[in-house]
Amino acid sequence: MATLVTPRQEDVEGLIRAEGFAGELEQLRTFLHDWALRSDREVQAPLAWQFLGRSKYFRPVTVFACHVAMSGEAVDDRVLRAAAAIEMVHNMSLIVDDILDRSRFRRGALTLHCRFGLLPALMTSGFVTAEAFELVDNEPFAIQRIAELIRRLASAEILQWRLRRQPLGVEDWRMIAGEDTGSMFEAAACLGTGDEKLRQFGHLLGMLYHGCDDVGDVKGAVALGGGGEEDLRDGILTLPAAIAIRDPEVALLFRNPTPEGLPLLLQKMQAALPIAELYLDSIASDAIAEATRVARAPEGLIKLVQNTRQLSA
């Protein structure tokens, strides 16, 4: 079986640099570094480990791009703090995901719970959530969006886990992706603009990212943070799986995974990749159309969609 690969980590970082927010991202890194050092001494080391390593910063870049596309103004302190809050909520979800998936590594480093232990990792995730709310404590709209995001993430994770190993379809995948990653990018878009105007754009961008992640996992990619083994093992409904299990034989393998059957299941999912790529093209087109319809200056948003789409090309 041929080995398929997606962009390496440095290539992903190059896509982010292409968005033109290098200076703003450096400000964000400095902000997070100073915040970690000012935090309670019991969480300083876990925070530094989680936040100060290699990050793709797709969600903060979405905050910045949406702000500029609607306002035409430079990123200010409000937008920077909103981007930091989104990055905090994202990392809270990563900590929990790594514990659930029993992952030992993320981005080439030990996961937080493997480095510091289960209880410190869980408590750090709660600490980070509280800090995200405090960052926007004078903005009711931002507080509401972060609260909405955490509620939706919680429900989506429970839903996705409840539906594992069930041979559902692409529309079911779309619903899960929209509530999982879609909700994160919706929040990023809303926090960037301070209103709801780019919510649907964020929703579509999040689904696109989720689908590219799914395809990248099947290809054995490490560029988006994992190799897909956990999803395959746990029977999570990814986009390639939703397409592949139209075949009754594959649906049976998906419902009853065995160590012997996993290689065949993976092979069937790889065979579904061309259809998955076409589906992602359709989502990308919808996102570009939405950006063009709503944004005052959609060029940056269009570039963001195109760069995101490249993650599984």
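A salt bridge here is a side-chain nitrogen of Lys or Arg within 4 Å of a carboxyl oxygen of Asp or Glu. Keep that cut-off handy for the close-ups below, and bear in mind that the model is predicted.

View 1. Arg 152 sits in helix H8 and Glu 186 in helix H10 (residues 181–193), so the bridge ties together distant parts of the chain, 34 residues apart. Both Arg 152 and Glu 186 are buried.

View 2. For the whole structure, the count of salt bridges comes to 15.

View 3. Gly 178 belongs to helix H9 (residues 170–179). Is this glycine buried or exposed? Gly 178 is buried, because its relative accessible area is 1%, and the cut-off for buried is under 20%. Leaving aside residues up to four places away in sequence, Gly 178 touches Arg 152, Ser 183, Glu 186, His 203 and Met 207. Ala 121 is another story: 57 residues apart from Gly 178 along the chain, with 27 Å between the two C-alpha atoms.

View 4. H16 (residues 273–294) runs for 22 residues and spans 31 Å from first C-alpha to last, close to the 32 Å expected at 1.5 Å a residue. Its buried residues are Leu 273, Ala 276, Glu 277, Leu 280, Ile 283, Ala 284, Ala 287, Glu 290 and Ala 291. They cover an arc of only 135° around the axis, so they end up on the same side of H16. Pro 274, Leu 278 and Arg 293 are on the other side of H16, and these are exposed. What do the buried residues of H16 pack against? Their partners are H9, helix H11 (199–218), helix H13 (239–244), helix H15 (262–271) and helix H17 (299–309).

**View 5. Arg 78 and Glu 139 are bridged across distant parts of the chain.** Their side chains meet in a salt bridge at 3.7 Å, N to O. The pair is 61 residues apart, with Arg 78 in helix H5 (residues 77–101) and Glu 139 in the loop between H7 and helix H8 (140–162). Arg 78 is partly exposed, with a relative accessible area of 26%. Glu 139 is partly exposed too, at 21%.

View 6. Glu 26 is partly exposed, with a relative accessible area of 46%. For Arg 29 the value is 35%, again partly exposed.

**View 7. A nonpolar patch turns up on the surface.** Leu 118, Leu 119, Leu 122 and Met 123 make this patch, which comes to about 410 Å². Met 123 is part of helix H7 (residues 118–135). With a relative accessible area of 53%, Met 123 counts as exposed because the cut-off is over 50%.

Note on methods. Residues are numbered from 1 along each chain as its sequence is written. This is a predicted model: local features need pLDDT of at least 70, side-chain atom pairs count only at pLDDT 80 or more; totals for chains, interfaces and linings use all residues. Side-chain values use heavy atoms; hydrogens and water are left out. Helices (H or I, at least four residues) and strands (E, at least two) are DSSP runs, numbered from the N terminus. Buried means under 20% relative accessible area, exposed over 50%, partly exposed in between (1.4 Å probe, protein chains only). Contact means heavy atoms within 4.5 Å. The expected span of a helix is 1.5 Å times one less than its number of residues. The arc is that of the directions from the helix axis to the C-beta atoms. Patches are made of residues with over 30% relative accessible area and no salt bridge: like charges are joined within 9 Å, nonpolar side chains (Val, Leu, Ile, Met, Phe, Trp, Tyr) within 5 Å. Accessible areas come from the Shrake-Rupley method with a 1.4 Å probe; for residues, only the protein chains shown count as cover.
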